[in-house]
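Please read this briefing with the sequence and the three-dimensional structure at hand.

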Amino acid sequence: MTSNKQHLNPLSILYFIFHHSWDTILLIIIGSGPIANWSTAIGVTPWLGFTALVILIVGWHTVRYLCFTFEINDEMLTINTGILVKKHTHIPYSRIQTVQHQQWFFLVPFHLEKLQIETAGHDDHGPEAVLPLVNERIRTEIERKRMGDSSVTDDTTEDLSERLTPPVRHADYEINPHELNVFALTSLGVFPIIGALFAIYGKVQEAIPQRLINSVTNTIIHQSAIILGVVGIAIVVLSIAGSYLTIVQKYYKFRLNSEGDQLKTEQGLFQRNSVTIPTARIQALRIKQNVIRQWCHISTVQALAASSAGDDEKSNDLMILPVVKNDQVFDTLHPFVSWAPKQFSQLDHLAKRSYWYFIRNASLISLIVILPCLYFFKVWGLLSLPVLLIGILMGWYSAANTGWKVVDNQLILQGGHFFTRSQYVIPHKNIQSFLFVQSIWMTHTKLAHIRVNVRHGNSNQLIEIRYLPEVTGKEIFKWLQNR
């Protein structure tokens, strides 16, 4: 067995410091009082004490860097960590499920990247192995070992570098600038940004002295409506620009590549983020459309994967196709996920009389906002009444976009929430559990709910179709029972 114990790149010290930034800030805050008292007692400036604390923090993470080593052996990857308590993590290459690497733009000239490795029995809190800052060659070597390539030997460094250079491959799919612009401009992410900017504007007003506000108010009293309009327009424009730029830089040059049973995505302008995952880890497909994208006849396709390596750290959704025309979704998707349907299926939908239940529920939720406003703000509370209209529209939207279909060995469920339609394509074998739910009152109306659970990230994804006809619910439940 060959062994080559290696250290991370020395810049990893900075990673350790910033990765534990909250711990560092807390340590500085806690230590500020004692440091100031101690400095005054011995007659030195507090800055000297803070300098000593900073040196201590840097020194601790330097020792941590020195104690962090890894070995790429013939059979497994071994990671050694710990200062006071040593920890040795052994990961056989055959157990590696996903490989994710992230590279900030300023690390590209140095060929450095962050590497995350996950196995089938991964920890709920993250991947088993994280190499904070290593050369790109390390990832290539691990991938070769994982794929069973034994051609890497202990030859000269020059020969090794040539062998480990990844073959040039053209992406099977790459988003074009026009698609990326459409995707960014049709995002509903602008609304949270608008709310945040209005909140910031309110805080800024509170911070301005009242005397200055009164002076300005007296000067522009006749132009207040114009100024408020300009401020509102400026906030909306800034929000749209912020949302647009955020999405463009995140999905810049998005690529999707399929090789054997492996699916690889790559995206990002300032930080290139790449994920390699076996297609067998994909539990279901989600086809999403907000109301704007429905009007534009475009969709977004995500994978619900049994992996923590996803589109973002919180949702674990793996982006497959950021934007694609509705009539081309499955034609584009099928070469990458072989079990995906080859074409859209016409779904069954709710009867119009069932819409009332969705509208009723959404309206009751809106009263949680309206009633306190009316109670505390009296007449001004009437301004909250549009929330009821929004609730009614959301209920109608949710009901109108509810659908279902059993196609071959797959269950297709569709629902609408917050003006976003989500269609799930779930293979029968990937359904973890299922429920047929019917309350006492629903027995009289002959309605029922169907709930399906699939593996998603490190937890579970609940998919529910509400207020189905009882007969249809029982048919789907019977189909789910057949194993």
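How many bridges join strand β15 to strand β16, and do the two run parallel or antiparallel? Two bridges join β15 (residues 348–349) to β16 (residues 403–407), and these strands run antiparallel. The model is a predicted one, in which local features need pLDDT of at least 70 and side-chain atom pairs count only at pLDDT 80 or more, while totals for chains, interfaces and linings use all residues. Residues are numbered from 1 along each chain as its sequence is written, and side-chain values use heavy atoms, with hydrogens and water left out.

**The chain as a whole**

- The chain contains 15 helices and 21 strands; helices (H or I, at least four residues) and strands (E, at least two) are DSSP runs numbered from the N terminus.
- Of the 483 residues in the chain, 42% are buried, where buried means under 20% relative accessible area, exposed over 50% and partly exposed in between (1.4 Å probe, protein chains only).
- Among contacts between residues at least 6 apart in sequence, 57% join residues at least 24 apart; a contact means heavy atoms within 4.5 Å.

**Strand pairing around β16**

- Two strands pair if DSSP finds at least two bridges between them.
- Gly403 in β16 is the bridge partner of His349, and Gly403 also stands opposite Gln414 in β17.
- β16 pairs with strand β17 (residues 410–417) in the antiparallel sense over five bridges.
- These two strands, β16 and β17, form a hairpin with two residues between them, and Asp408 in the turn has a positive phi of about 55°.

**Strands β6 and β7**

- Strand β6 (residues 112–119) pairs with β7 in the antiparallel sense over five bridges, and Leu115 stands opposite Leu131 in β7.
- Strand β7 (residues 129–135) is mostly covered, with five of its seven residues buried.

- Three strands form an open sheet in the order β19-β20-β21, with antiparallel pairing.
- The edge strands are β19 and β21 (459–469), each of which pairs on one side only.
- Neighbouring strands of this sheet are turned by 15° against each other on average, direction ignored.
- For such angles, axes are lines fitted to C-alpha atoms, for helices over the stretch in contact, and the angles run from 0 to 180 degrees between N-to-C directions.
- Six bridges join β19 to the antiparallel strand β20 (residues 447–456), and Asn453 in β20 is the bridge partner of Ser433.
- Helix α12 (residues 355–377) lies across β20 and β21 and runs at about 125° to β21.
- Helix α15 (residues 470–481) lies across β19, β20 and β21 and runs at about 150° to β19.

**Asn430, a buried loop residue**

- Asn430 lies in the loop between β18 (420–427) and β19 (431–437).
- Asn430 counts as buried because its relative accessibility is 7%.
- Leaving aside neighbours within four places in sequence, Asn430 is in contact with Ile282, Gln283, Asn453 and Val454.

**Helix α13 and Ala399**

- Helix α13 has 15 residues and reaches 21 Å from its first C-alpha to its last, close to the 21 Å expected at 1.5 Å a residue; the expected span is 1.5 Å times one less than the number of residues.
- The buried residues of α13 are Gly391, Gly395, Tyr397, Ser398 and Ala399, and they pack against β12, α10 (291–296), α12, β17 and β18.
- Ala399 lies in this helix, which covers residues 386–400, and counts as buried because its relative accessibility is 1%.
- Leaving aside neighbours within four places in sequence, Ala399 is in contact with Leu350, Tyr355 and Phe358.
- Ala399 and Leu350 are 49 residues apart along the chain, and their C-alpha atoms are separated by 7.2 Å.

**Nonpolar cores**

- A nonpolar core is a set of buried Ala, Val, Leu, Ile, Met, Phe, Trp, Tyr and Cys residues joined through side-chain atoms within 4.5 Å.
- The largest nonpolar core has 35 residues, and those with the most contacts inside it are Leu256, Leu285, Val301, Ile320, Leu321, Leu333 and Val337.
- The elements that give two or more residues to this core include α9 (224–250), β12 (282–290) and β14 (317–325), and β14 gives the most, with six residues.
- Apart from this core lies another, of 26 residues, among them Tyr424, Leu447, Ile450 and Val452.
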